[in-house]
Amino acid sequence: MANDTSTTVPKRGRAAAAATDAPPAPPDPRQAVAPLLDPRHRRTVGHLHALAASPPQVVLAEGGTGPERMALALYWAALLNCEAPDDAPDAPDAPDEARPCLACPSCTRMAGGGHRDLVVLDGNKPSAEEGSFSIENVRALRGLLGEPPREGRRRVVVLVDAHTRVEAANGLLKSLEEPRPTTCFVLLAPQRERLLPTLVSRSFVLTLAWPTDALPPSPAVRDWLDALVEFIQTGGGWMERTSRKGDLDAPLAAAVVLHCQRALADVLAGRAADPLGRLLAERMDPARLRRCDEALAAAQEALSLSPSPVNPALVMDWLATRLFLGVR
């Protein structure tokens with residue numbers, strides 16, 4: 001949001017606006033939470049229902065996909081504020097519970113992002129945008145957290161990809177240490193290792209099932225992955241490959257990075273079947289795996305720059321060097 005000295009809304013209102021000026025709810029709120037209701041996540045949904053009787057102050061959702069993590073946050077917000085009676089007949093297919101009904105006004109607005117007690121701050125948005133996870137919005141949010149919920153039983157604050165804004169995340173620590181009993185936080189991240197350890201230590205961690213429909217790497221990607229494993233082990237062969245003009249373009253490099261991230265996700269989930277994953281599991285402790293994850297995220301971001309991405313060979317040389325050093 002651009003600075004406008006003519007506005008009469010106090011700065012604290014920026015976070016409040018995130019709760020009051022949200023987009024209207026979809027016609028069917030089940031659409032918003034549908035990614036979570038995949039059978040793969042039945043166990044996680046069951047955990048949410050078990051937690052609802054005495055909600056933890058902070059829930060950290062990792063794993064799955066971005067839409068699945070967001071669906072979990074909206075489902076949790078609806079569950080904590082559902083207005084249906086315990087024996088409501090119109091419960092969703094999974095699990096066998098009466099709440100959230102996804103039909104009452106509270107569920108409809110929570111699932112649609114339009115409830116006054118739902119605040120979403122997104123670490124992927126530029127700092128100047130409304131709803132971004134920025135220092136300014138965190139300060140505004142801390143003021144809002146001093147107030148009771150406006151219309152529901154609990155205020156739910158969702159922080160999307162908090163690992164991308166370390167300084168802003170640090171600004172929330174005091175609020176997490178001394179929260180109001182009617183406020184619940186939901187942290188969303190691909191892996192807990194991306195977050196500050198102080199945030200993780202304050203959270204109840206739920207791990208969504210990792211995607212199972214990932215296609216195997218193409219022969220070209222597999223060839224580069226094999227070369228990367230050889231370089232990490234021996235330090236040889238990689239630079240010669242990347243120096244050949246035209247052998248590595250941005251889409252191919254991005255595909256290699258994506259499969260590296262999947263291999264790392266498998267390591268963190270305890271199933272390292274890929275050669276790269278086995279190497280990382282054998283040679284890296286948790287701290288090094290976190291640095292590996294950060295390096296992969298940086299490479300992915302560099303390769304996604306548009307309209308003129310940086311030289312993909314240079315990005316991959318940088319990444320390979322970080323992985324090489326990371327196992328030593």
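Which residues does Asp117 touch, not counting residues up to four places away in sequence? In this predicted model, the partners are Met110, Pro149, Arg150, Glu151, Gly152, Arg154, Arg155 and Val156. Asp117 sits in the loop between helix H5 (105-112) and strand S2 (118-122). Its relative accessible area is 0%, so Asp117 counts as buried, the cut-off being under 20%.

Val221 is buried because its relative accessibility is 4%, under the 20% cut-off. Leaving out residues up to four places away in sequence, Val221 touches Leu252, Ala255, Val256 and His259. The C-alpha atoms of Val221 and Leu258 are 10.0 Å apart in space. In sequence, Val221 and Leu258 are separated by 37 residues.

These two sites belong to a protein chain of 328 residues. The chain holds 14 helices and 5 strands. Buried residues account for 47% of the chain. Among contacts with a separation of 6 or more, 75% join residues 24 or more positions apart. The accessible surface of the chain is about 15400 Å². Carbon and sulfur atoms contribute 54% of that surface.

How values were computed: Residues are numbered from 1 along each chain as its sequence is written. This is a predicted model: local features need pLDDT of at least 70, side-chain atom pairs count only at pLDDT 80 or more; totals for chains, interfaces and linings use all residues. Side-chain values use heavy atoms; hydrogens and water are left out. Helices (H or I, at least four residues) and strands (E, at least two) are DSSP runs, numbered from the N terminus. Buried means under 20% relative accessible area, exposed over 50%, partly exposed in between (1.4 Å probe, protein chains only). Contact means heavy atoms within 4.5 Å. Accessible areas come from the Shrake-Rupley method with a 1.4 Å probe; for residues, only the protein chains shown count as cover.
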